[in-house]
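Thanks for coming, everyone. Please have the sequence and the 3D view open while I talk.

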Amino acid sequence: MRRRTDRAVFFERREMDAFTVSIDVPVEHMRNLFGEFDSHIKRIENDLNVMIVDRDGAVRISGERENTDRAARIVNELLALSKRGTILEEQSVDYAIELGREHKEDMLLAMDSDCICHTVSGKPIKPKTLGQKQYVDAMRDNMIVFGVGPAGTGKTYLAMAMAVTAFKNNEVSRIILTRPAIEAGEKLGFLPGDLQSKVDPYLRPLYDALYQIMGAESFARNMEKGLIEVAPLAYMRGRTLDNAYIILDEAQNTTPAQMKMFLTRIGFGSKVVVTGDASQKDLAPDMKSGLDVAVRVLSKIEDISFCNLSSKDVVRHPLVQRIVKAYDDFEAKEKRRGEQKSGNRNYRRGK
């Protein structure tokens with residue numbers, strides 16, 4: 001058994017037909033490790049078919065050797081997170097189990113050590129999956145980053161955290177947030193109020209993220225000074241955006257002309273993050289998405305990075321991850337069925 005100096009030491013022995021590993025766990029970390037009503041440990045037990053019990057300040061894991069070893073590695077990584085002061089959540093445990101299947105559970109500490117900033121309530125904002133970690137690193141290293149993936153993968157929220165951090169560190173002089181003002185599959189008709197009141201409902205998700213990261217007062221103060229701007233995409237035409245952190249959200253709802261217009265606004269000292277979910281377009285059926293076109297056209301340009309997040313990177317409620325995967329599987333099956341029908345028609349014509 002491989003030993004690590006920065007982990008609890010493994011003690012192994014055979015008990016009848018089961019292989020047992022014992023891990024010393026300080027009492028102050030036992031509750032965090034086990035979770036409420038032992039929920040964390042039960043998830044590991046059910047997934048790996050092992051038995052985990054607490055015996056006199058040690059966690060004993062019993063089962064088949066391969067499963068026991070994997071469970072022990074996962075428990076050790078979760079214990080290391082707890083010792084860093086991290087509150088373990090369902091998502092952390094589920095992702096540790098997922099990484100354990102690929103023998104990458106040691107990446108948990110690397111992700112946990114990458115704190116972007118803190119919310120106004122003091123909660124740290126960190127990447128929680130390997131995909132999110134790659135996304136954050138890409139935003140640090142590239143001038144333009146496309147974050148493409150399903151709902152709940154943290155595309156907009158992490159981009160917002162990076163923008164606020166750059167703003168506070170004086171790396172940029174302002175933050176500009178924009179998105180196309182398109183209804184999500186329904187027509188709302190005429191909205192009351194002035195122009196700002198009419199566009200606010202479309203920009204509400206951006207406001208919500210800023211309130212949580214910056215606080216309402218700080219946001220309002222910087223908004224009043226013009227240092228933070230939240231506006232529909234149509235307002236970007238004719239401008240040159242220097243020394244700014246610019247985020248285009250819901251980019252799948254842009255047209256190719258709008259995307260080209262937006263990307264050509266970029267000035268010196270600026271960073272751009274474009275986020276979108278190609279599976280949730282609200283454009284007319286016959287209209288191409290500017291995001292899809294940009295992925296094809298710009299993929300080989302230096303200093304432009306494309307990060308593709310998947311259902312594995314969903315960090316909302318675990319049920320959201322299963323919903324996203326179910327839709328992905330369904331759409332893949334429908335695509336194969338369509339291709340098969342098309343192939344059969346072509347075969348009959350040729351015959």
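Let's start with one residue. Thr68 lies in helix H3. A word on terms: helices (H or I, at least four residues) and strands (E, at least two) are DSSP runs, numbered from the N terminus.

Before going on, two notes on the source. This is a predicted model: local features need pLDDT of at least 70, side-chain atom pairs count only at pLDDT 80 or more, and totals for chains, interfaces and linings use all residues. Residues are numbered from 1 along each chain as its sequence is written, and side-chain values use heavy atoms, with hydrogens and water left out.

Back to Thr68. Is Thr68 buried or exposed? Thr68 counts as buried, because its relative accessibility is 0%. The cut-offs are these: buried means under 20% relative accessible area, exposed over 50%, and partly exposed in between (1.4 Å probe, protein chains only). Which residues is Thr68 in contact with? Leaving aside neighbours within four places in sequence, they are Phe19, Val21, Val50, Ile61, Ser62 and Gly63. Contact here means heavy atoms within 4.5 Å.

Now the whole helix. H3 covers residues 65-83, which is 19 residues. From first C-alpha to last, H3 reaches 27 Å, close to the 27 Å expected at 1.5 Å a residue. That expected span is 1.5 Å times one less than the number of residues. In H3, 16 of the 19 residues are buried, so the helix is largely enclosed by the rest of the structure. After H3 comes Gly85, with a positive phi near 95 degrees.

Next, a pair of helices. The axes of H1 (residues 27-34) and H2 (residues 39-48) come within 5 Å and cross at roughly 60 degrees. H1 and H2 are therefore oblique to each other. On the H1 side, the contact is made by Asn32, Leu33 and Phe34. On the H2 side, Ser39, His40 and Ile41 make the contact. How are the angles named? Under 35 degrees counts as roughly parallel, over 145 as roughly antiparallel, 65 to 115 as roughly perpendicular, and the rest as oblique. Axes are lines fitted to C-alpha atoms, for helices over the stretch in contact, and angles run from 0 to 180 degrees between N-to-C directions.

On to the sheet. In what order do the six strands stand? The order is S9-S8-S10-S11-S7-S12, in an open sheet with parallel pairing. S9 and S12 (304-308) stand at the edges with a single partner strand each, so one side of each has no neighbour in the sheet. On average, neighbouring strands of this sheet are turned by 15 degrees against each other, direction ignored. Two strands pair if DSSP finds at least two bridges between them.

Look at S8, residues 174-179. Five of its six residues are buried. Five bridges join S8 to S10 (residues 244-248), and the two run parallel. Within that pair, Ile176 stands opposite Ile246. S8 also has five bridges to S9 (residues 228-232), again parallel. There, Arg179 has Pro232 as its bridge partner.

Now S7, residues 144-148. S7 pairs with S12 over five bridges, in the parallel sense. Ile144 stands opposite Ile304 in S12.

Past S12 we reach a loop. Val315 is in the loop between S12 and helix H12 (318-350). Its relative accessible area is 24%, so Val315 is partly exposed. Val315 and Lys128 are 187 residues apart in sequence, yet 7.4 Å apart in space, C-alpha to C-alpha. Not counting residues up to four places away, Val315 touches Gln91, Lys128, Thr129, Gln132 and Gly152.

Last, the cores. A nonpolar core is a set of buried Ala, Val, Leu, Ile, Met, Phe, Trp, Tyr and Cys residues joined through side-chain atoms within 4.5 Å. The largest has 34 residues, and those with the most contacts inside it are Met139, Leu210, Val230 and Tyr245. Helices H6 (130-141), H7 (155-168) and H8 (195-214), along with S8, S9 and S10, each supply at least two residues of this core. Which element gives the largest share? H7 does, with nine residues. A second, separate core of 32 residues includes Phe19, Leu81, Ile97 and Leu108.

That's my tour. Questions, please.
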